[in-house]
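Work through the exercises below with the structure open beside you, and try each task before you read its solution.

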Amino acid sequence: MKMTKVVPFAMSALLIGGAVAAPTASANEGEAVVTNATDNNEQNPQVQPIFIKITGTIENVEKREDSTYYTVKEDENTNVFVVNDDTLVYDNTGKEVKLQKGDKVTAYTYANKPMLMIYPPQYNPEVIIVETKEMGTVEVDFFNKELVNTDNTLKLNVGKETEILSLSGKKVKAEDLAEQHLLVFYTITTMSIPAQTPPSKVVVLDTIAQEPGEADPSKAAVQEIINNDFYDVEGTKMVPLRLIAEELGFKVESTGKGAIISKGALSYTITRGQKEYGYNKALRYFKVAPALLEPTKTYVPVEFVEELMK
């Protein structure tokens with residue numbers, strides 16, 4: 001492998017840009033972990049939940065400043081949902097509703113989101129569904145290029161009658177739904193595997209993009225890292241994974257052969273020496289495999305930074 005350590009002498013233009021999105025996936029579902037099957041000591045793939053799903057009946061409502069606190073009980077379990085203007089609240093048919101005392105609800109929140117260590121547990125859910133007697137089913141999950149969810153149980157057949165929205169408010173089309181975390185409302189499915197449905201409504205769980213001209217200090221810091229710490233490997237610019245990922249707010253966990261980096265519902269599993277890497281439940285590929293080019297420092301192609309900053 002041809003490898004050259006490059007000493008930069010001038011600042012280069014930032015090659016990447018964009019805002020980090022906060023998309024979602026099915027409660028009780030997980031993220032793919034890429035492993036080296038030829039290594040006898042390699043552990044079995046781990047499945048980590050992307051979303052926590054909490055159910056119960058609202059027993060108390062308390063307004064505090066800019067948020068409303070809903071105490072929810074199911075059997076002996078008590079939880080508190082902290083709800084603000086950013087929380088999506090629908091009934092199981094896809095209709096926007098207001099939460100009320102006595103509602104039976106299901107909340108979805110990122111498993112990686114920080115929680116206050118208090119009792120009863122408090123959650124800041126992204127989505128709350130009010131269960132009604134009307135016909136309607138809800139799925140919160142990551143859908144691949146074929147619009148199939150992570151456990152291969154549901155495929156979306158989006159038609160002209162499907163209402164398509166996004167959390168950020170930007171306009172989205174059917175072709176924008178692939179490889180996204182979606183909130184899906186539907187009523188009927190086929191008996192096939194996976195079951196297929198024409199959804200009545202789909203909401204892309206993205207985040208509001210940064211306003212034009214608004215400064216992003218992390219971009220400048222990332223560019224500084226790229227400018228001062230990179231190698232040229234087979235014509236590809238390789239940059240330090242941990243330094244850049246942590247600068248962008250990702251949590252980095254070493255696996256001994258690489259790392260799992262995560263932020264909200266996003267998770268990437270990277271293995272040194274392998275071009276394929278895990279993106280939630282999907283597989284993607286580097287042009288050049290990540291490598292330990294300096295002691296304790298894994299380097300990846302600079303194009304991967306663009307993906308982290310989308």
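A residue is called buried under 20% relative accessible area, exposed over 50%, and partly exposed in between, with a 1.4 Å probe and protein chains only as cover. The model is predicted, so local features need pLDDT of at least 70 and side-chain atom pairs count only at pLDDT 80 or more, while totals for chains, interfaces and linings use all residues. Residues are numbered from 1 along each chain as its sequence is written, and side-chain values use heavy atoms, with hydrogens and water left out.

**Exercise 1. Find the side-chain partner of E62, and classify both residues by accessibility.**

Solution. Begin with the rule: a salt bridge is a side-chain nitrogen of Lys or Arg within 4 Å of a carboxyl oxygen of Asp or Glu. By this rule, E62 and R64 form a salt bridge, with 3.1 Å from N to O. Next, compare the accessibilities with the cut-offs: E62 has a relative accessible area of 35% and is therefore partly exposed, and R64 is also partly exposed, because its value is 37%. The count of salt bridges by this rule comes to 9.

**Exercise 2. Decide whether E179 and R284 are buried or exposed, and describe where each one lies.**

Solution. The side chains of E179 and R284 meet in a salt bridge of 3.1 Å, taken from N to O. This pair links distant parts of the chain, since E179 is in the loop between β11 and β12, whereas R284 belongs to strand β21 (residues 282-285), 105 residues apart. Here strands are DSSP runs of E with at least two residues, helices are runs of H or I with at least four, and both are numbered from the N terminus. Both E179 and R284 are buried.

**Exercise 3. Describe the salt bridge of K287, and classify the two partners.**

Solution. K287 pairs with E303, and their closest N and O atoms are 3.6 Å apart. The two residues are 16 residues apart, with K287 in the loop between β21 and β22 (291-294) and E303 in helix α3 (residues 303-308). K287 counts as exposed because its relative accessible area is 56%, while E303, at 38%, is therefore partly exposed.

**Exercise 4. Which strands pair with β12, and how covered is β12?**

Solution. Two strands pair if DSSP finds at least two bridges between them. Strand β9 (residues 137-143) is joined to β12 by 7 bridges, and the two run antiparallel; within this pairing, V138 stands opposite F185 of β12. Strand β14 (residues 201-204) also runs antiparallel to β12, with 4 bridges between them, and here V184 faces V202 of β14. As for cover, 6 of the 7 residues of β12 (residues 180-186) are buried.
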